[in-house]
Amino acid sequence: MVVVRPVGESDWAMFLALLPGLLPLPVAPGAAFVAVDDHDGRVVGAGGFSTAPFGRHAPGVRGDVFVVPSQRGRGVGRALLDALLDALPRWGLRHLHTLRGFAPRDVPSLLTRAGFRPTFTVTRYEAHFAHADAACGPMLEKLARSGRIPDDAVVAPLTSVMPARIAHLHAAHFGHSPTRSLALLADAARDPVALALSRVATVRGRLAGFILWRQRPDEAPHVDLWIAAPGFRTGWVAVALLAAAVREGVRLGLDCGWFACDDAARATHHIARRIGARAVHTELGHVLSIPG
Ligand SMILES: CC(C)(COP(=O)(O)OP(=O)(O)OC[C@H]1O[C@@H](n2cnc3c(N)ncnc32)[C@H](O)[C@@H]1OP(=O)(O)O)[C@@H](O)C(=O)NCCC(=O)NCCS
C-alpha cells in the first residue's frame, strides 16, 4: 500500500529530485509530503508547495505533485494533492497555483477534476539574436529621443555589480532569502555563455534592473529573469538590457534564444513583437480556490 506522509529529514533529496521545480523556492517541512510504498519504504511520489507568496489576483502559493510512472492511476496523485489542500489553511492560504503551466490539451485530469481553473497564459518566445539586435537599435533611439533614458544609465555585464545587490532584487521577486538567491545566482553564473549574456543596468550606481540568462545542456540559452527595479519600471530598462544581451549573443555567434512571459507582462509581449520573436508555445497556469 502507498501512504502519504510529511517529508522526514532523510526524504528531502528524493523530494527535490521528484519536484526539481521547487528547488529554487522556499519549501517548509509542513508544506512537503512524500508518498511511500509501505512494503519497501520506497518513495513513489511527492507533493509540496512553496511558502513564497504568488498570484496577483488570487494571492496564494505555488505547488506541484509528481508520481513515478509505475504508480500512476491508483490514487497516489490525488492523495498527495489532498495532503497539500489539508495543509494550506494551516498557513492561512486559500489559493493553490500550479508551479508550471500546461499546454491546453496536456492539463492533467487530476487538476481539472479537483476544480483547478486556468488563470494566466505563459507564452514562450523564440528570438533570433541577429533580428533582435537589428530591432533593438531603433527602439533604444526612440526611447532616447523621447528623453526616457537617463543620461547616466549604464548597462554592463552582470559581474560588474556586487552579487549581493542583484540577489536582493532576485530574492524580492521570488520571495525567498537573499542567501538563497546568491546561491542560485552563483549556480547560474557557472555557465559561461549564460553569464556572458547576462546584463545589469544602473543609474548613478543605483541598480535599475538585470537580465539573467541560463543555458541547460543541449538547449538554446533562455532568459531566467528579466526585471526592472521598483522606481525604474518606465520601459527603457527592459529594452536596454535586452539590447546589450542580444548584441553579445551576435558577437558570440549565437543563433536563437528564448524567453517566456505571462499575459500580465504586456510590455514584454510588445518587445517580443518588435524584435520579431516567434511565439512557440503557450501554457496555462491553473489555480484552485479553497472555500474559507
Ligand atoms: C498528474 C499526476 C501527479 C497524477 O498522479 P496519479 O497518481 O496518476 O493520480 P491519480 O491516480 O490520483 O489519478 C489519476 C487517474 O487515476 C484514477 N484512479 C485513481 N485511483 C484509482 C483506482 N484505485 N482505480 C482506478 N483508477 C483510479 C483517477 O480517477 C484518475 O482518473 P482520470 O485521469 O480519469 O481523472 C501524475 O500523472 C504525474 O506525476 N504526472 C507528471 C507530473 C505532473 O504533471 N504533475 C501535475 C502538476 S500539479
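# Close-up views of a predicted model

**View 1. Helix α8 runs from residue 236 to residue 251.** This helix has 16 residues. From its first C-alpha to its last it reaches 22 Å, close to the 22 Å expected at 1.5 Å a residue. The model is predicted. How many residues of α8 are buried? The count is 12 of the 16, so the helix is largely enclosed by the rest of the structure. The buried residues include Trp236, Val237, Ala238, Val239 and Ala240. Leu241, Leu242, Ala243, Ala244, Ala245 and Val246 are buried as well. Gly249 is also among the buried residues of α8. Just after the helix comes Gly253, with a positive phi of about 75 degrees.

View 2. Buried residues make up 37% of the 292 residues.

**View 3. The domain assignment of the chain gives domain 1 (2–99) and domain 2 (123–282).** Their C-alpha centres lie 32 Å apart. The contact takes six residues from domain 1 and five residues from domain 2. What classes of residue does domain 1 bring to the side that touches domain 2? Five are nonpolar, none is polar and one is charged.

**View 4. The ligand is surrounded by 17 residues.** The closest are Arg72, Gly75, Gly77, Arg78 and Ser109. Which elements give two or more residues to this shell? They are β4 (61–67), α2 (76–87) and α3 (109–114). By class, the shell has seven nonpolar, five polar and five charged residues.

**View 5. Leu80 sits in helix α2.** Is Leu80 buried or exposed? A residue counts as buried if 20 or more other C-beta atoms lie within 10 Å of its own. Leu80 has 25 such atoms within 10 Å, so it is buried. Set aside its neighbours within four places in sequence. Leu80 is then in contact with Val4, Phe33, Ala35, Gly45, Gly47 and Val65. Val246 is 166 residues from Leu80 in sequence. In space, the two are 43 Å apart, C-alpha to C-alpha.

**View 6. Ala277 lies in the loop between α9 (266–274) and β12 (278–289).** This residue is buried, with 24 other C-beta atoms within 10 Å. Beyond its neighbours within four places in sequence, Ala277 is in contact with Tyr125, Glu126, Ala127 and Ala272. How many residues separate Ala277 and Leu241 in sequence? They are 36 residues apart. In space they are 16 Å apart, C-alpha to C-alpha.

**View 7. Ala229 is found in the loop between β10 and α8.** With 20 C-beta neighbours inside 10 Å, Ala229 counts as buried. Leave aside its neighbours within four places in sequence. Ala229 is then in contact with Leu169, Leu207, Ala208 and Gly209. Ile166 is 63 residues from Ala229 along the chain. The C-alpha atoms of this pair are separated by 10.0 Å.

**View 8. Arg204 has a positive phi although it is not a glycine.** Most residues other than glycine have a negative phi. The phi of Arg204 is about 45 degrees. Where does Arg204 lie? Its place is the loop between β8 (199–203) and β9 (206–214). Arg204 is exposed, with 10 other C-beta atoms within 10 Å.

**View 9. Asp218 also has a positive phi without being a glycine.** Its phi is about 60 degrees. Asp218 lies in the loop between β9 and β10 (222–228). Is Asp218 buried or exposed? Asp218 has 5, so it is exposed.

Technical notes
Residues numbered from 1 in each chain as written. Predicted model: local features only at pLDDT ≥ 70, side-chain atom pairs only at ≥ 80, totals over all residues. Helix = DSSP H or I, 4+ residues; strand = E, 2+ residues; numbered from the N terminus. Expected span 1.5 Å × (residues − 1). Near = placed C-beta within 6 Å. Nonpolar A, V, L, I, M, F, W, Y, C, P; charged D, E, K, R; others polar. Domains from an automatic or database assignment. Contact = placed C-beta atoms within 7 Å.
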